[in-house]
Amino acid sequence: MLIIRRAGSLAAALLGVCKTVDASVGAGRMRPVFSMTGHPMRAEAAMPVQRAFALGSCAACARVVDSGWRKVGSSLDSSAGKAHSMSSRSDANEKVATRRRPGSFRTRSPGRGPLAMMMVSNRKPNPNPSPTNQAGQKQLKQHMCIVFGYCGTNYYGLQSQQAEGDPEHPTVSDVLRQAFLKSGAIAPSNFVPLHRTKWRIASRTDKGVHAALAAVSFKMETWPEQLEDPKALTPPTHHSSGGGAARAIAGASGGAGGGDGGAGGGGGVQAVASSLVKPTEVQLSQAEIARINGYLPNDVRLLGAARVRGAFEPRECASSRSYEYLLPAWALGSLSLREFDDILRTFEGTKRYHNFCSGLRRYAGDWHSASNPSLSWPLALPDAKPPPASFRSVLRCAVQRRVAIQDVEYIVIGIHGVSFVLHQIRHMIGAALAVAHGHSQVDLIQIGLSSPFEVDVAPLAPGCGLLLDEIRWFHPAGEDEVVFSQTTHDAARLLKEETIYPHIHSLYQKDQVLESFLEQTKERYFMDGAAETARAHDRLRAVFADWQEQRIRSAELRRARMGEDDDDDDDSKAQDDGTGQNDSNDDFQNDSQSDGQKEGQKEGQDGTRDAGSKGRSRSGDVGRRRTGSVQSGVHAHTLRSRLLPGGLFVKICVERGLLPSPEAQRLLEHLRSAVEAGEIESGRHHSYYLDVLDEKFGKPRPRPVDTELQVEVIGKS
């Protein structure tokens, strides 16, 4: 350390004295050599370092150099003996170090002293500097979340299969990235690989599936004039769905937003709140959106873009995803809209979806009844510990609209959930159609959703009628992280009604895919109501009843061993569906982050696949980092939530027709405050707290099918 200090003092003296470099000093004279760290060394003692350079000295400071190096040299010579004695040990350590894994040692960073900064003069200038406009402003790379819509018939899904794109198998991402490249939003040097622009997809779609408001985030090259003035942004009116309950909660808890608090219900997914949601401040201008759309084909449209934080991951941070399925009205058979809506309602809540997706079922042996050993049924999941990936939370599955396209009536089915697995929505629609045509029964769907058994009642419906409607990003801290302007939502609605709906109608009329699907369902799945199928269904019902009783008895024995009189968690498991499985997430914080953390889940490639990249990429790690980043803000929130049963947030959203939003969060906070104040009891069943909300804020708003749904004419009739 003493040698380094002396060398540093000498360097400082040289910088103060030497104003010019004597070029004649050099060849036969010992010159000080400066490494990247800025420390001077004798030439013969200097270690081989990269990018070392020699400094000459002028005549004015020659004697300073000579005297200084004599002092440094004597200090080096005095320590030579000690260095020689340690050489054998250093050689041994060096051999060990070469056997260690790469990256286990970290090189020392360059020094920050004045001598180290002189190295900058030897570096080559940047051949591609940041461009500037006439006003002298630089082009900035900003992390943006873009939303877009498309008809997926001509594409092999949304996600790129190759970073450069595949002309034989084009995807929507390939078309988007090429348009951004041509428009200058992506620099040519950053086009590949994908991580240079941090390209992340919020939700994948399969070939033939459409989208009205899909999302991607990436680092976008922007000019200041391409960004919208925050004052010109119009806040969306339909993003919140609180209704009268939300207004009453805001008034009772002192929250923002207002209006006349009514006694009406909590509102549905399509409800309009009286208070407006503030859009994200920095958004792309409409002129720039129109310019980029000039590089896109007609079946892909850019709708909006908003700046997001650097650690934002559109897939991991998504709080809910909304899909629509356009179904011809004649496909309901003899059922009314209300009866078909009752079938769809069976899927709402947190349930097991291994029988209603692709790739999750694994044969786990046969389950045998303890009371009747001859009674058995094959298991598709381990009974003792089912994988968490099989549980999904569907917040709303209902008939939302009636539309007429070229004199053909369709019903629009809305499916809203936290996350979905491969082919989940298409299997759900297929199961509902099987019941509508008399091939199956609703109780078989309930058994498939609440037990680990293998139940084949869900054929795969056509994908041409499915579209991704919207993705939302509600942060557990209590606010929406990304909100687009009303102009963006209006553009998405027009794209859906003027382009996507008529395109789906043309596919139904041209290919007759639904008629073929119903015929295959009748032959392959249910054998036209044969007696063998009926006997198998009766045996499944008997097995499920016996399995359910065993689960209830096991819960009672577990409570007895623990010495608890009333374990509400186990009680709720038995009361809800007899599965012994509660809502798999303690709260929305866990549920919203389940995609990136559940092991072994192969997320699919259709409209129900929620992933941002292939396999378990770094996006999952980022999601876990995001989880840790909000722990400090919600740690007390999580501790207090133990006063309430697990999964209550999902129950509130399901029963009151809400998506994860500030309004739903305020409902949960109201219950927590009431428990802490002693106004209501803790540790009760979900239904107790839902009744409390009904008494305080009124009954939930009726489902859309309970009102008079008028047929809306779409396009030209």
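User: Where is Leu671 found?
Analyst: Leu671 is in helix H21. Helices (DSSP runs of H or I, at least four residues) and strands (runs of E, at least two) are numbered from the N terminus.

User: What kind of model is this, and how are residues numbered?
Analyst: This is a predicted model, where local features need pLDDT of at least 70 and side-chain atom pairs count only at pLDDT 80 or more, while totals for chains, interfaces and linings use all residues. Residues are numbered from 1 along each chain as its sequence is written, and side-chain values use heavy atoms, with hydrogens and water left out.

User: Back to Leu671. Buried or exposed?
Analyst: Leu671 is buried, with a relative accessible area of 0%. Buried means under 20% relative accessible area, exposed means over 50%, and partly exposed is in between (1.4 Å probe, protein chains only).

User: Which residues does Leu671 touch?
Analyst: Leaving out residues up to four places away in sequence, Leu671 touches Leu644, Leu648, Ile652, Ile680, Tyr689, Val692 and Leu693. Contact here means heavy atoms within 4.5 Å.

User: How far apart in space are Leu671 and Ser682?
Analyst: They are 9.6 Å apart, C-alpha to C-alpha, and 11 residues apart in sequence.

User: How do helix H21 and helix H22 cross?
Analyst: Two packed helices are described by the angle between their axes and the distance between the axes. The axes of H21 (residues 662-676) and H22 (residues 686-697) come within 11 Å and cross at roughly 105 degrees. That makes H21 roughly perpendicular to H22. Axes are lines fitted to C-alpha atoms, for helices over the stretch in contact, and angles run from 0 to 180 degrees between N-to-C directions. Angles under 35 degrees count as roughly parallel, over 145 as roughly antiparallel, 65 to 115 as roughly perpendicular, and the rest as oblique.

User: Which residues of H21 and H22 meet?
Analyst: From H21, Leu667, His670, Leu671 and Val675 meet Tyr689, Val692, Leu693, Lys696 and Phe697 of H22. By class, this contact has seven nonpolar, one polar and one charged residues. Ala, Val, Leu, Ile, Met, Phe, Trp, Tyr, Cys and Pro count as nonpolar, Asp, Glu, Lys and Arg as charged, and the others, Gly among them, as polar.

User: What lies in the loop between H21 and H22?
Analyst: His685 is in that loop. His685 is buried, at a relative accessible area of 14%. Its side chain makes a polar contact of 3.1 Å with the side chain of Ser687. A polar contact is a pair of N or O atoms within 3.5 Å; within protein, one must be able to donate a hydrogen and the other to accept it, and residues adjacent in sequence count only if both atoms are side-chain atoms.

User: New topic. How many disulfides are in the whole structure?
Analyst: A search finds zero disulfides, a disulfide being a pair of cysteine sulfur atoms within 2.5 Å. For Cys317, the nearest cysteine sulfur is that of Cys145, 9.8 Å away. Cys317 counts as buried at 2% relative accessibility.

User: And Glu313, where does that lie?
Analyst: Glu313 lies in the loop between strand S7 (300-307) and strand S8 (320-328). Glu313 is buried, with a relative accessible area of 2%, and a polar contact of 3.5 Å joins its side chain to that of Arg200.

User: How many helices and strands does the protein chain have?
Analyst: The chain has 22 helices and 17 strands. Of its 717 residues, 51% count as buried.
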